[in-house]
Each structure stands twice: as structure tokens, then as C-alpha cells.
Amino acid sequence: MQTDLITELRRQSEICNACRYCEGYCSVFPALHRERAFAEGDLTQLANLCHNCRGCYYACQYTAPHEFDLNLPKALAEVRRDSWESFAWPAPAARAFQSHGLAIAAATVLGFALLFAAIKALGNAGGEGFYAALSHNAMVAIFAPAFLFPLASIAFSLRAYWRHVGGKRLRLSHVTAAFGSVARMRDLAAGHGEGCNFEEEDRFSHARRYAHQAVMYGFLLCFASTASGTVLHYGFGLHAPYPFFSLPKLLGVPGGLMLTFGTIAMAWLKLKADKNLADAKAFGGEMGFIALLGFVAASGLALYWLGGTAAMATVLALHLGAVLAFFLLTPFSKMAHGFYRLAALIREEQNKQA
Amino acid sequence: MSTPHDIAIIGGGNAALCAAITAAEAGARVLILETAPKAYRGGNSRHTRNFRCMHSGPLGPLVESYSEEEYFADLMKVTAGKTDEALARLAIRSSEECLPWMEAHGVRFQPSLSGTLSLARTNAFFMGGGKSLVNAYFRTAQALGVEVLYEAAVTHLELADDQIAWVDYTHEGESHRITPKAVIVASGGFQADTEWLTRAWGEPAKNFLIRGTPYNRGVVLADLLDQGALSVGDPTQCHAVAIDGRAPKFDGGIVTRLDCVPFSIVVNKNAERFYDEGEDVWPKRYAIWGRLVAAQPDQVGYVIIDSRSLNLFMPSVFPPLKADTLEDLATQMGLPPAKLRETVEGFNAACGDTSGFHPTELDGVATQGLTPPKTNWARPITTPPFYGYSLRTGVTFTYLGLKVDETAQCATENGPIRNLWAAGETMAGSILGQGYLAGYGMTIGTVFGRIAGREAAAYAN
């Protein structure tokens, strides 16, 4: 990891520790106040607890032009991105995608191209609906490895993170408490429950919390939709396309809508927010990732509406291409933050009980 | 500015904002003239943390109860009776209704506290500290139509007979003159004007550090006193504490505090002890060491501890100097090494049974036959590495200010100034003759800010 980023975060953390006015804002501060000296692993853990809500920045009497020049959200964001790049496996991919929206776009276009090529070369093998464009077996052959590789990669990365922050053996109570924090995004409510300071200086607002929840729950619904389709396919011999009143559609349509509008809202908030309070290097990568995620959702919805038309094969290639790119990039893009955040919250539960 | 304002408020801290909000809610058109740029708005309120509040039962974040009598007794202890009882009781009694008012105007409090400050019964702590309070009040005020000018330095209030005829200020390089119906002064003390401080204190004041805003230079205060406004307080009285000697000249705020004194010996530049380091716990001890250090040569003190004490106090913003021998530490600190060893050995020899050592309460572990004694936490300094901090006097605010009555109105010898009110540190000397009670400055600012806003609006309407 980059020592200059660590050194700067350590400097700022020591000032925060002598002040402690931000005590009630989020999980970062109680965790910070438990230490007197900050090892690299401690700082990485703090960085991954931070949600960049910026409450502490606007409350801080030591921000520039004060000579202490505190900007904790930025220092934490930089160490956070640096930690993800360091723990990612294989590493060079992370460096390319965390900070480069263009690389994400290129990977997505490559995904489209591969899918168009697959549709041309592998064809339908006599299937119906989407399988008229690309056979079910061909889809499985492409997406099973594209799904399993990221899982393996993230498992390696999280193991490296866990060692780095001194994590102990998992207990169910740690995990459930961490999931509780995630489910409510408690840390984006600034302690007093009025939200964060993301988009308009010191004004508190729930906009980012709600947008992020729409993205997270929308994504989980879409994922559940796909999973339910798999179960129906293999377990019950019920094949796509599914009618509206079926599990995949009842989960997928609202999920797709939440994900589409959630990503648009996240991008809009990000454009309004002060870039100086985040990791400037990550902006392109984060925007690229949000655009890709939004495109996955929107093209999925489009596929539903246009499924019976001549445009279906094209839209299918675009949607599946985007999904392919999204899956393969998961360990190296902003998507990885969800896994690290969860790991950090579990570690925080362990520290709280220690 | 196209529309003339009813009320001009000088200053942009807690008292000014409470006055602005109250006056605007009463229908007055209010202008805030804040000397500081936006990033430094809020005066010393930026650095505050809590509000001392009377309450007859659990109230907001406060537990149990804190009666008027107990609160007043606490004030009497720190001021040694130098207070205006009527005004002090007014502030105390009004504090109880202030807390819900603060919450209704955007201030958020911490539910509970960790660390060494266990004041959950007497003091309500702002979530995020004083700057977040200031932010909330500016948002609220601006939503009520209050206009705010930053970097607007008031240079003169023209006192003609019994009223303020006009206000002069500069803004963006130009001079302006306005004629509001009423004026509220809430622009703090004069501690950031080193020259004035030196006139009051003598040469030692040049070595003082100013803990808060560099913008409280007392310009309006001096202007009004020159024109015959009645004053209170003693120019040599101020809230001064001993802070880390490496703190910035201005605006170091809370992080420069050092809580290590009770576990240490404190010596002057000649490596001699000069006061009982174990006299009492925070906050009483905290408030006396500023004056003690100010009375030493070059206005510096040096705290010496050993490795056993390092983790007994709140983390400090600057790391301590560290050495394996006392001589090394003395050399690093610029103290005479042999003399420091002699002082430490003399102290160590005077320490008795330390089995009752208890860091969080007065433990009675005292020295025998030592002058000055150390009456608590007297444990030999023997276990290397040794650590040292330097101490300097840090001034929070000065007490010389404008004399006000129970309606926050200012006066001359000839009687009240009809359209001039004062609130906050600029009139706190009316109540605080000496000493300080944690969180009481915010109480005075909130109570008298609201009174000034109400009175000025009633006059202007």
C-alpha cells in the first residue's frame, strides 16, 4: 500500500483522536477512539468503515484553510481505494478499473462484442424466446465461469483484507450485527438520523442513503430473479420466457426499476458533490461503474419490453454483454466495496466486543 | 443591499445567530456582519462542544436533574463569588427552555459520551461539535431570510446621545454606512489583539497562544468603550488554560489541550517545580494552569512523565518528546539536565506508598515533606522511556466587556443606549468576573442572544 496515503491518514487520525467532537457520527469514530497509535491495518479498517457521508468534514473546525488541513473523508477514500487495489487478485486489473471509467467502458464494449460473436457462432440450437438467439447451454457455458471467477477472486481478496486488519474467527453474532448495519445503512444517517452531507455542503439529506438503498436492494432483487429462474429451469423444468406473474419477473421488474433509478440518482448526486472530499482518482472508475450497473438494469428491462420484437437479439447481446462485463469486473470495480464494507463491519463488531 | 435592514448584528457566532433567528422569527429584517470569511465563520463557537443546562428532570440528552441552586453553586465555586447574581441566575434559569429551542432550530446533541468527560448530567454535547451547531444556525437563519455578509468588518458604531446613529463597515474593499433601527453586538472578546492583551497583561502576553478564532480583535468593543459605553470585567481576567506549547498561535482549539498534568511533575525552564500537580481533576485543574504557566519565566512549563502514565490521559495532538534517560529528555526540551534529575529524584524520594494509585479519582497518594507537595497521584517517575510536553498559556476569551442589564441592553453613564444590545463573550464579563465553568459560555450566548434578538425586534417593530 502507498505509504504517503497511510502517513497522511495517520496524521489526520491523530488529530481526530485528540478532538473527538465527531464521536456520534458513524462507526469510524468509535473505532478510531479505541486506538492511541494507528498501525497500517487499523487505518485500512477505518477507511473501509467510512461511507464518505462527509458529516465529519462539515463539522470540523480544522479543515482548510486551517493549518491542520483536515479532510478525513478524502484521506479515508484514498486509503480505501488503495487498499482495494492492493488486495485485489490478480492485482493489475484492480488498478486499471478502480480509477478508470474508460477501461470499464472498453471492457463493456468488449463484452458486447463477445456476446454478438457468440450469438453468431453458437446460435440457438432450436430454443425459444431468448434461447432462439443464444442457446441455454451456450449461456451457461459463458456465464458460469464469469460468475465463479469473480467469487473466487473476491474470496482471495477478502482473505488478504482479513489478515491485514487482524480479523479473528467469525461468529454468527458478528455477522448478523454487520448485516443489520448494512440493511439500514445506519452510517449514512449521521448518528442523529438526518442523513448525510453529500450533495449540498452542510445540509443533511437522506438522498444518498435512499439512492444507495435503491441500488443495493434493486441489485439483490435482480440477483434473486436470476436465481429463481435457475431454480425454475433446473428444478421444475419451467423455461424462459416467464410470464409477468412469475417469480423471476415479480422480482426482476421492480428490482430493475430500482436499480435503474438508483444508479441515475447516485450519478446525479456524485456530480453535485464536492469532488475535493473524495478520492479524485476514483471518480472516473466510480462513474464508469455506476453507468455500467445502470445499463445492466435498463437493458434488462428493455429486453423484457422488446422480447417479442425483432430487436430482441440485439438487445439481448447488449444486456448479456453488459452483465458479462459487470460480473468479470466485480472484484476490480467499485462493486467490490460492498464485500469490503461488510468485512469491515464484521471486524468492527469483533473489535466492539473485544 | 437594496432593502434596508431593521437590525444589524455584529458577529457570526452562537450568540449572534441566536439573536438573528429570534429577531427574524419576530418579523424583523436582519443583517449579520461577520468579519471572518465563510470558512472561519462562527467565532469561538466553532471550537465549543457543549451547553451547560439546568433541568428539573431528564431533558434531551441530559440525565437526572441539575437544579438552579446546584448550577449556581458550581458557578460560585469557579468565580469565587465574582459574579452578578441576578444575571447569572437569569442565564441559569433560562437555559432549561433553551435546549428544546436549540433542537427546534437544528442543533443535534450526542446521546452519550465516552472518554474522560463524564458530564452527562450537567452538559449537553453537540453532535459534531460547535461548528456543526454554527452550520445548523446559519441554515436556519438564512431560511428565515436573515442576510449574511462574510468578511464584513465593522469599524465604527456612531453613538449619538442615547442611540446608535449608524454603523460603518468595510466589505470587499469598500466602505459602507448603514442606519439600522437597532444593533446587536455579539463579536466576542479582544484576545486576538495581542497588543491590547499586552497592554492589559504586560509583556508576558506576547507569549500567550490564542485557542480560538483570530478574528476576535475587540474592534467594536474598543470603539464603544471609547464612546462611553459602560464596561464590566477586569482586562487581566480571561479564560486561560495550559495547552501544548507547540500549538499554533491562533485557532488551535480543543486538540491542543493536555490532560497529563495530574500524572506528571511540571517544571519551569529552570527545571524547578512550582505548583501541586495533583491538586484536582479536570476541569478545575485545567482552568488554573494557564495562569500558573503565565507566571513562570518565559511563560513556559514542562510536563515530565514516565512510560507508566502515557496511556492514562486523552491522546494529544502532538506526540510527546521521548528519551531513555532524564538527561536526554532535558536536553531535548532545553532544560538543565542535572537540575532536572535532581528535581525528579527529590520528587521520587518524597513519594510514599503508591498502592492506592487510582487515575480517575482523587486518590490521596501524596508526597511527604516536599515543597510544593503533590497531593494526589504522586507516583515516582522511574520507568523509562520518559516523556515530555511543553506547556504554554492558551487564552480562550477575555472578560472585559460591555455592561448589560437583564434585557441585554447596553448603557452609558447617562442611561441605556436605546437601540443597542449585546450578547455572548462581549458581555459575558457581566456575569463571569473570573474563572470558568465548562459549557457556561454557550449558556450565556444562547440566553442573551435570544433576549437581545427579542428586545431588538420589539424595538425595531
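A residue is called buried at under 20% relative accessible area, exposed at over 50% and partly exposed in between, with a 1.4 Å probe and protein chains only. By that rule, B:Thr198 counts as buried because its relative accessibility is 13%. The structure is a predicted model, in which local features need pLDDT of at least 70 and side-chain atom pairs count only at pLDDT 80 or more, while totals for chains, interfaces and linings use all residues. Residues are numbered from 1 along each chain as its sequence is written, chains are lettered from A and ligands numbered from 1 in the order in which they are written, and side-chain values use heavy atoms, with hydrogens and water left out.

**Stop 1: B:Thr198**

Select B:Thr198 in helix 5 of chain B, residues 194-201; helices are DSSP runs of H or I with at least four residues, and strands are runs of E with at least two, numbered from the N terminus. Next, display B:Glu203, B:Ala205 and B:Lys206, with which B:Thr198 is in contact when neighbours within four places in sequence are left aside. Contact here means heavy atoms within 4.5 Å.

**Stop 2: the interface of chains A and B**

Now show both chains. The contact involves 30 residues of chain A and 37 residues of chain B. About 2,800 Å² is buried between them, and carbon and sulfur atoms give 50% of that area. Buried area is the accessible area (1.4 Å probe) that two parts lose on being put together, summed over both. On chain A, select A:Ala18, A:Tyr21 and A:Arg36, which lose the most area to chain B and together make up 27% of what that side buries.

Six salt bridges cross this interface, each defined as a side-chain nitrogen of Lys or Arg within 4 Å of a carboxyl oxygen of Asp or Glu. Zoom in on B:Arg139 and A:Asp202, which form a salt bridge with their closest N and O atoms 3.0 Å apart.

To see which helices supply the chain A side, colour helix 1 (3-19) and helix 4 (55-59), each of which gives at least two residues to it. Helix 1 of chain A provides the largest share, five residues. By class, this side has 13 nonpolar, seven polar and 10 charged residues; Ala, Val, Leu, Ile, Met, Phe, Trp, Tyr, Cys and Pro count as nonpolar, Asp, Glu, Lys and Arg as charged, and the others, Gly among them, as polar.

**Stop 3: aromatic rings in chain A**

Select A:Phe147, A:Phe219, A:Phe223, A:Phe289, A:Phe326 and A:Phe327, which ring pairs link into a cluster. Rings of Phe, Tyr and Trp (its six-membered ring) pair if their centres lie within 6.5 Å; planes under 30 degrees apart count as stacked, over 60 as edge-to-face and the rest as tilted. Over all chains, the structure holds 35 aromatic pairs.

A:Phe219 and A:Phe326 form a tilted pair, 5.6 Å centre to centre with 55 degrees between the planes. A:Phe219 lies in helix 10 (residues 207-236) and A:Phe326 in helix 13 (residues 312-329) of chain A, so the pair ties together parts 107 residues apart in sequence. Both A:Phe219 and A:Phe326 are buried.

**Stop 4: A:Ala132**

Finally, select A:Ala132 in the loop between helix 7 (101-122) and helix 8 (136-164) of chain A. A:Ala132 counts as partly exposed because its relative accessibility is 34%. Residues up to four places away in sequence not counted, A:Ala132 touches A:Asn124 and A:Gly127.
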